[in-house]
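This report describes the fold, the ligand site and the nonpolar cores of one protein model. The sequence and structure are shown first.

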Amino acid sequence: MSSLKKRYLKKFRYKIPDYIPEKFIKPKQVIDVISAWEGLDLIIPDILKRFNIGNETCIEFGVEFGFSAVVFSNYFSEVIGIDTFQGDIHTDHKSNHFEKTKASLAEFENIKLIKSTYQEWIKADKRMYDFAHVDIIHTYEDTFECGMWAAMHSKCAIFHDTESFMEVRKAVIDIARYAGKKLYNYPFHNGLGIITEK
Ligand SMILES: C[S@@+](CC[C@H](N)C(=O)[O-])C[C@H]1O[C@@H](n2cnc3c(N)ncnc32)[C@H](O)[C@@H]1O
């Protein structure tokens with residue numbers, strides 16, 4: 001079977017209802033760094049409004065150079081960004097970029113960066129957040145472990161790369177099922193899984 005056909009069949013099997021935004025709104029502040037996340041910034045206000053999400057706290061797992069963290073800083077009083085800042089097998093950049101990211105995000109006072117694995121962080125954090133974003137290494141196991149925590153500790157958890165990594169897509173489907181929550185997928189810009197209350 002051709003790999004294209006295999007991909008098509010897998011997508012059909014792992015189908016998720018589409019998220020259809022009503023409005024596309026550009027955030028006031030963005031930063032000019034390379035990111036596969038670009039384009040998703042336009043639908044964040046639509047998601048927050050649709051699911052009636054508060055504007056206090058947001059936690060992000062997978063910050064890299066800070067594109068998505070800065071997008072969230074437009075809409076939340078506090079954004080916590082967790083990353084090893086070392087890159088992973090799926091990122092182009094694989095050396096320490098903590099200081100570089102910290103310097104370029106310094107002007108965004110509501111973003112707090114923490115150099116940690118998600119594994120260490122979720123052992124201790126018992127808080128509930130308005131919003132969570134998972135964009136770490138794109139394996140099934142890591143997305144499931146980090147994402148399950150995110151889904152249980154937020155009103156709405158979003159996941160990047162549901163179109164470009166089948167493992168992420170499968171993990172997101174399983175998280176929604178185990179957590180008893182609703183799942184949508186925005187199929188552009190590599191895909192965004194959205195898990196919300198029923
Ligand atoms: C795709 S990048 C994040 C991109 C970012 N959200 C953006 O807006 O461009 C993935 C990031 O996840 C981080 N990462 C990978 N595994 C991790 C883990 N176990 N714990 C914390 N961060 C991890 C990597 O260091 C990398 O910076």
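This is a predicted model: local features need pLDDT of at least 70, side-chain atom pairs count only at pLDDT 80 or more; totals for chains, interfaces and linings use all residues.

A polar contact is a pair of N or O atoms within 3.5 Å.

A polar backbone atom of glycine 87 is 3.0 Å from an oxygen atom of the ligand, and a polar side-chain atom of threonine 84 lies 3.2 Å from an oxygen atom of the ligand. In total, 23 residues surround the ligand, the closest being Ser35, Gly62, Ser68, Asp83 and Asp135.

## Overall fold

The protein contains seven helices and seven strands. Read from the N terminus, the order of these elements is α-α-β-α-β-α-β-α-β-α-β-α-β-β. The radius of gyration is 16 Å, close to the 16 Å given by the globule rule for 198 residues, so the protein is as compact as a globular protein of that length.

Along the principal axes, the C-alpha atoms fill a box of roughly 50 × 35 × 35 Å. Of the 198 residues, 52% are buried. Among contacts between residues at least 6 apart in sequence, 68% join residues at least 24 apart. The accessible surface of the protein comes to about 10,300 Å², and carbon and sulfur atoms account for 54% of this surface.

## Nonpolar cores

The largest nonpolar core has 31 residues, and those with the most contacts inside it are Trp37, Ile47, Phe72, Phe131, Ile158 and Leu192. At least two residues of this core come from each of helix 2 (44–50), helix 3 (67–73), strand 3 (111–115), strand 5, strand 6 (182–186) and strand 7 (192–196). Helix 3 gives the most, with five residues.

Beyond its neighbours within four places in sequence, tryptophan 37 is in contact with Ile44, Phe67, Ser68, Val71, Phe72, His133, Asp135, Ile158, His160 and Leu192. Another core, of 30 residues, lies apart from the largest one; Ile59, Trp121, Met148 and Trp149 are among its members.

## Serine 154

Serine 154 is located in strand 5 (residues 154–160). The relative accessible area of serine 154 is 1%, and residues under 20% count as buried, so this serine is buried.

A polar atom of the serine 154 side chain lies 3.3 Å from the backbone oxygen of cysteine 156. Leaving aside neighbours within four places in sequence, serine 154 is in contact with Met128, Tyr129, Asp130, Phe131, Ala132, Lys181 and Glu197.

Notes:
Residues are numbered from 1 along each chain as its sequence is written. Side-chain values use heavy atoms; hydrogens and water are left out. Helices (H or I, at least four residues) and strands (E, at least two) are DSSP runs, numbered from the N terminus. Buried means under 20% relative accessible area, exposed over 50%, partly exposed in between (1.4 Å probe, protein chains only). A polar contact is a pair of N or O atoms within 3.5 Å; within protein, one must be able to donate a hydrogen and the other to accept it, and residues adjacent in sequence count only if both atoms are side-chain atoms. Contact means heavy atoms within 4.5 Å. A nonpolar core is a set of buried Ala, Val, Leu, Ile, Met, Phe, Trp, Tyr and Cys residues joined through side-chain atoms within 4.5 Å. A residue is near a molecule or strand if one of its heavy atoms lies within 4 Å of it. The radius of gyration is taken over C-alpha atoms; the globule rule is 2.2 Å times the number of residues to the power 0.38. Accessible areas come from the Shrake-Rupley method with a 1.4 Å probe; for residues, only the protein chains shown count as cover.
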